[in-house]
Amino acid sequence: MAQAQPAIGIDLGTTTSKVGYVVKGTPIILPNERGNLSTPSVVAFRDHQTAWVGELARNLMLGRDREKIVAYPKRFIGTDKRYKIEGREYSPSEIAVIILRKLKNLAARYLCIAENEIRKAILTVPAHFNDSQRLAMLKASKLAGFDDIKLVSEPVAVAVAHGYLEHPGSERMLVFDLGGGSLDVTLIELHDGSFYIKGTGGSDSAGGIFFDRALAGFLARRFEELCGIDFINDPVLYQNLINIAERTKIDLSFVEETEVLFPYLIPGNKNKKSYLNVRVSRSHFERITSENYQEIRNTVMDVFKRSSIVPGWVSRVLLAGGASRMPGVRKLLSEIFPPGVRIEDPGNAEKSVVLGASVLAGMMYNPDKLSSLELKNVTSQHLGLEDNDGEMIVIIPRGTPYPLEVTKTFTTAMDNESEVIIHIIQSGDTDKGSRYQSLGQITLKGLPPARAGEPNIPVTFVVDEYGVLKVMAMHPKNGKYLELTTKVGQGGKIATKPERRGTGLRVV
Ligand code: ADP
Ligand code: MG
């Protein structure tokens, strides 16, 4: 029996998306129309009103209508990226809306209710998502018809799926999520029933697709030796090779050796064979992909370095993401961590995020329980202002739990300044010369004449429960507040210091 107003758990993944629901206390993943538990994050427009989502869309990626297909929008969510489809531009979050609607539709079908009865959801986002990315996700979920939505960090959902929700003790975990397009590494401390994110980082060049590409490259070279055909520069042959490489990669997670077969229907080929075949062993595959493993190792070590934490701090490693099923990943992790550290492999690592999200969605009927859980998120970037010398003044350091509100008072840098610019920036680093991202600015105009340092300009930073940043600055003349909520697409402009702009601002 479906509950009135069911709440669902959603993992809008980079390469595949999943949706789940709790039945009698147990989370289940809802199948799509093909019976698959994950749906490719790919959208094929038929016209501006209709779009196909999932396998149908992915299967058309090489066809005549390939220009009307958008794959993997999550990589660009919250940025200025736009997709041009037949004269109309779509933002990554508009594409996300279409995928979210599809997930809602398949949940409604499964639960035998109308789509508009599903309005509650837990939606997961990577821990490192900044405020413009979170805001874009929230906006997308509202447009997809969810009005009671809670964003939860993917690694927290993983910890929940691994059974740490009602865990009595404390635990120091590293969530290792190797998905299709990216690796996300998060250090979480579980303490008194709350999850504290101690550090997070990742790589956009370490996911499963990069293993597929490395193996496809090797197969292309072998096939070229066998038949003289260039597979790399033929998009259709190459995409077929990528699909075969992915299947082979997955097979090698279960067996030590396998055989790759490729139909070879080219008339007049000299050895008259109708297929190509190459044997690949797991150890050979691991050699072919050694650079990918190196990237994974560097990413994990970098997260430790930036968080000033050592691998020995970790008591458990939780595996998540489909590509973490590769035996080579386990081997690599057991080299990084001391022998006592337990590596927890749920056996269905690509499902952890949606299972955790579904468990949390099941608790949405019981808001007290959900809020007492205190999913303490922490900011993933330093948030602050640019001072008159082009340096960053950190207002909220990276790793600060939110929601929170911080006010700092500023003043003018020179006499009779008539205008100051509150330039809001975020950065992963605060060293001199490091890069920061501009989140927007508030300009206070028409300041009354005053000596440098006289006017008081309180600036308040509020990070709400969703991790969305709002900045308010008080005008010294009339006491009115001007505010700015970081909006979708406003992030993305990377400025390199020093680029002296002169904001007219200095710290009191
Ligand atoms: P994302 O969240 O980034 O969309 P997933 O966690 O769903 O990604 O993982 C998808 C990736 O996992 C794909 O690259 C897929 O090939 C890979 N994958 C799935 N199952 C296995 C397996 N058994 N062995 C190796 N790789 C796998
Ligand atoms: Mg994922």
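Analyst: Start with strand β1, residues 7–11, which is mostly covered: five of its five residues are buried. Buried means under 20% relative accessible area, exposed over 50%, and partly exposed in between, with a 1.4 Å probe and protein chains only. Strands are DSSP runs of E, at least two residues, and helices are runs of H or I, at least four, numbered from the N terminus. This is a predicted model: local features need pLDDT of at least 70, side-chain atom pairs count only at pLDDT 80 or more, and totals for chains, interfaces and linings use all residues. Residues are numbered from 1 along each chain as its sequence is written, chains are lettered from A and ligands numbered from 1 in the order written, and side-chain values use heavy atoms, leaving out hydrogens and water.

User: Which way do the β1 residues point?

Analyst: A7, G9 and D11 point one way, I8 and I10 the other. In a regular strand, side chains alternate between the two faces of the sheet.

User: Which strand pairs with β1 in the parallel sense?

Analyst: β10, residues 120–125, over four bridges. Two strands pair if DSSP finds at least two bridges between them. G9 stands opposite I122 in β10.

User: And in the antiparallel sense, which strand pairs with β1?

Analyst: β2, residues 16–23, over three bridges. There, V19 is the bridge partner of I10. β1 and β2 form a hairpin, with four residues between them.

User: New topic. How many helices and strands does the protein chain have?

Analyst: Eleven helices and 30 strands. Of its 508 residues, 53% count as buried.
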